[in-house]
Amino acid sequence: MARSKPATEPFISKETRKKRVTWGKQQKRARTNWSRVAALDSTYFTLRGGSPGGKVWHFKGHKPIRFKPNKNQQLHVYGLMSVHGKSSLYFVSGTTGLKKKYKRKNPRRGQSLLLSGVGSEEFCENFEEGMLPEARQLFTAAGAGEPTFLLDNAPAHAKGGTPQFLAAKGVSVLPKWPPNSPDLNPIENVWGIIKPQVYRQEYYTLEQLKAAVLRAWAALPLSTLRSLMLSMPKRVDKVLRNRGAYIGY
């Protein structure tokens, strides 16, 4: 008889579990030094709380419930963390009031459309002008050399011109990040720490919400960042022991 899973354990497909195991074995073979890795990702903050759109955990056989607030209720923000510290926050497309200059072609009409979310061009620009130099500054000050970046498989990170851009800039990225794996990514825990702090009170304007997000991010202690990043060997070991299943982080 198969062991039943806890009610809180999200469903991960057999194919994805294999990819998670493969990734874990790669990190073991490479003896990845996690003090030389910077994790970066984006998240949403909304006036009503929650995460609009995107991938969500859900139980097998159950349709996920998605919260889709009005566009004028949300902030979309990028951040970077490592054992040596964190970057500034970068508010990107999807954030109300941000002047949109990134466009894509409408294949049906040949028209240019403003992007409602981050694409490859916007990600590369923010990375080159902000997150990359900040990461290099943090690592240089710590004598840690050139950082390697942990990026998930969001289209802005893995498609368009981003892989070519990163290669041209000599940026090292951890290869073959497995899909559906926020439990392996320590920056997801950072978002999980600051969101309850931000949502302790109600906000009436995005300016108020933005100020609260910036305060919560600034207050994150280095000890928390170090603890989360240095938990990666345990995460790798656990995903291998669990044969790719959810590891509880």
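Let's begin with Ala158, which has a relative accessibility of 35% and therefore counts as partly exposed, since that class sits between under 20% for buried and over 50% for exposed. Bear in mind, everyone, that we are looking at a predicted model. Ala158 belongs to helix 3, residues 155-158. Leaving aside residues up to four places away in sequence, Ala158 touches Asn153 and Pro163.

Now please turn to helix 5, residues 186-198. How far apart are its end C-alpha atoms? They are 19 Å apart, and with 13 residues at 1.5 Å a residue the helix should span 18 Å, so the two values agree. Which of its residues are buried? They are Pro186, Ile187, Asn189, Val190, Trp191, Ile194, Lys195 and Val198. The cover over these buried residues includes strand 1 (37-46), strand 2 (74-82) and strand 7 (148-150), along with helix 6 (206-218), helix 7 (222-229) and helix 8 (232-241).

Helix 8 brings us to my last stop, its meeting with helix 1, residues 14-30. Their axes come within 9 Å and cross at roughly 135°, so the two helices are oblique to each other. The crossing is left-handed. On the helix 1 side, the contact is made by Arg20, Val21, Trp23, Gly24, Lys25, Gln27 and Lys28. Helix 8 brings Met232, Val236, Asp237, Val239 and Leu240. Sorted by class, this contact has 6 nonpolar, 2 polar and 4 charged residues.

Methods. Residues numbered from 1 in each chain as written. Predicted model: local features only at pLDDT ≥ 70, side-chain atom pairs only at ≥ 80, totals over all residues. Heavy atoms only, no water. Helix = DSSP H or I, 4+ residues; strand = E, 2+ residues; numbered from the N terminus. Expected span 1.5 Å × (residues − 1). Buried < 20%, exposed > 50% of the residue type's maximum accessible area, 1.4 Å probe, protein only. Contact = heavy atoms within 4.5 Å. Axes fitted to C-alpha atoms, helices over the stretch in contact; angles between N-to-C directions. Parallel < 35°, antiparallel > 145°, perpendicular 65-115°, else oblique. Left-handed = near helix turned anticlockwise from the far one by under 90°. Nonpolar A, V, L, I, M, F, W, Y, C, P; charged D, E, K, R; others polar.
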